[in-house]
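Reader: I would like to learn how to read a few features of a helical packing arrangement and of a pocket. Could we take them one at a time, with the general idea before the case?

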Amino acid sequence: MQFLDIILLGVALSADAFAVTISNTFVYARESRARLFLMPVFFGIFQALMPALGYVLGGLAAELIEKYAGLVSLVILGFIGGNMVREGVSALRGDEEPEVGTAEDGSVKRLTIPQLVMQAIATAIDAFAVGISLRAQTVNLPFAVSVIGMTTFALCIVALFLGRRLGKLLGDRAEVVGGLVLIFIGAKAFLGL
């Protein structure tokens with residue numbers, strides 16, 4: 001596998017993490033930069049970790065994980081996205097709409113570590129199957145997973161900046177749009193698209 005092939009693979013694998021980063025940036029518009037920066041870190045690590053696990057575990061759990069990867073992604077992202085849509089619609093219907101990134105009680109919405117872990121797993125499950133396919137090819141595994149992780153990290157950094165800009169344009173609708181994007185990504189994974 002050539003270097004360019006690995007970069008393209010990293011770009012393809014990071015598409016979901018890119019979209020989730022943008023969505024989270026909408027919803028957590030008032031979150032600290034340090035906390036938002038955890039998204040590229042977590043997504044990059046998990047995008048590198050999952051193909052490595054797929055490579056090492058090979059056929060042991062591959063069939064089971066491949067069989068249920070779409071469903072797991074749909075459940076995790078659908079749940080998170082559904083809550084985002086519900087809260088966003090509730091805020092839009094309310095007499096006093098809280099500022100974007102603010103909960104109904106006026107507190108700042110927090111992007112928690114458990115949320116990040118669940119999102120990172122949901123967006124990286126497909127990378128496990130890629131790891132299995134890497135086993136069948138001549139590839140330097142540490143190099144390949146490093147490139148995949150760094151590519152995801154870099155694209156999620158870009159998504160942070162795009163999310164800030166788009167979030168300002170969308171205003172109060174940002175949370176609903178972000179939730180719908182997560183649900184769409186989960187449904188796409190479930191349908192195998």
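Reader: In a left-handed or a right-handed crossing, how does H3 pass H5?

Author: This is a predicted model, and in it H3 passes H5 in a right-handed crossing. The two helices, H3 and H5 (residues 113-135), pack at an angle of about 30°, with their axes 6 Å apart. By class, the contact of H3 with H5 has 22 nonpolar residues, together with five polar and two charged ones.

Reader: How should I read a pocket, and which residues line the second largest pocket?

Author: Rolling a probe the size of a water molecule over the atoms shows where empty space is left. Here the second largest pocket has a volume of about 230 Å³, and its lining consists of Arg33, Leu36, Phe37, Ile157, Leu160, Phe161, Arg164 and Arg165. Sorted by class, that lining has five nonpolar and three charged residues, with no polar ones.

Reader: Which helix supplies the largest share of the lining of the second largest pocket?

Author: That share, five residues, comes from H6, although H3 (33-57) and H6 each supply at least two residues of the lining.

Reader: Staying with H6, is threonine 151 buried or exposed?

Author: Threonine 151, which is found in helix H6 (residues 141-170), counts as buried because its relative accessible area is 12%, and buried means under 20%. Leaving aside its neighbours within four places in sequence, threonine 151 is in contact with Ile7, Gly10 and Val11.

Terms used
Residues numbered from 1 in each chain as written. Predicted model: local features only at pLDDT ≥ 70, side-chain atom pairs only at ≥ 80, totals over all residues. Heavy atoms only, no water. Helix = DSSP H or I, 4+ residues; strand = E, 2+ residues; numbered from the N terminus. Buried < 20%, exposed > 50% of the residue type's maximum accessible area, 1.4 Å probe, protein only. Contact = heavy atoms within 4.5 Å. 1 Å grid on protein atoms, 1.4 Å probe; cavity = no way out; pocket = protein on both sides within 12 Å on 5 of 7 lines; lining within 4 Å. Points joined across faces, edges and corners; volume = space filled by probe spheres on them. Nonpolar A, V, L, I, M, F, W, Y, C, P; charged D, E, K, R; others polar. Axes fitted to C-alpha atoms, helices over the stretch in contact; angles between N-to-C directions. Left-handed = near helix turned anticlockwise from the far one by under 90°.
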